[in-house]
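Work through these exercises with the model in view. Try each task before reading its solution.

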Amino acid sequence: MHYAKLHHSIRLQRLFRFLSDGKPHTTSEIGNATGIEAVGSAIGELRRNGISITCARRTQLKNYGRGTTVYEYQIERE
């Protein structure tokens, strides 16, 4: 996998700063706050740069018992 280096990439720095609050953020929240369209790929790039990020999957129930899967990302605290 080719990936950007954190110290050279403004995009990854923006993502890292956003996630640095230590709170879980959904893919949608991350995209809206950072302008990154391929959030999952950018998370993978941060991981390749040695940043530990957890991913939690949950289902939000909608009408008639159907759900939407939501992914939340969070930087692991050391």
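**Exercise 1.** Find the strands that helix 1 lies across, and its angle to strand 3.

Solution. The model is predicted. Start with helix 1, residues 10-19. Helix 1 lies across strand 1, strand 2 and strand 3. Now take its direction against strand 3: the angle is about 95 degrees.

**Exercise 2.** Describe how helix 1 and helix 3 meet.

Solution. First, the axes: they come within 10 Å and cross at roughly 90 degrees. Angles of 65 to 115 degrees count as roughly perpendicular, so helix 1 is roughly perpendicular to helix 3. Next, the residues in contact. Helix 1 supplies R11, L12, L15, F16 and L19. Helix 3 supplies A42, I43, E45 and L46. Last, sort them: seven are nonpolar, none is polar and two are charged.

**Exercise 3.** Give the strand order of the sheet and say which strands stand at its edges.

Solution. Three strands form an open sheet, ordered 1-3-2, with antiparallel pairing. Strand 1 (25-26) and strand 2 (53-61) each have a single partner strand, so they stand at the edges, and one side of each has no neighbour in the sheet.

**Exercise 4.** Count the bridges between strand 2 and strand 3, then find the residue opposite R57.

Solution. Strand 3 covers residues 67-75. Strand 2 and strand 3 pair antiparallel over nine bridges. Opposite R57 stands Y71, in strand 3.

Key
Residues are numbered from 1 along each chain as its sequence is written. This is a predicted model: local features need pLDDT of at least 70, side-chain atom pairs count only at pLDDT 80 or more; totals for chains, interfaces and linings use all residues. Side-chain values use heavy atoms; hydrogens and water are left out. Two strands pair if DSSP finds at least two bridges between them. Helices (H or I, at least four residues) and strands (E, at least two) are DSSP runs, numbered from the N terminus. Contact means heavy atoms within 4.5 Å. Axes are lines fitted to C-alpha atoms, for helices over the stretch in contact, and angles run from 0 to 180 degrees between N-to-C directions. Angles under 35 degrees count as roughly parallel, over 145 as roughly antiparallel, 65 to 115 as roughly perpendicular and the rest as oblique. Ala, Val, Leu, Ile, Met, Phe, Trp, Tyr, Cys and Pro count as nonpolar, Asp, Glu, Lys and Arg as charged, and the others, Gly among them, as polar.
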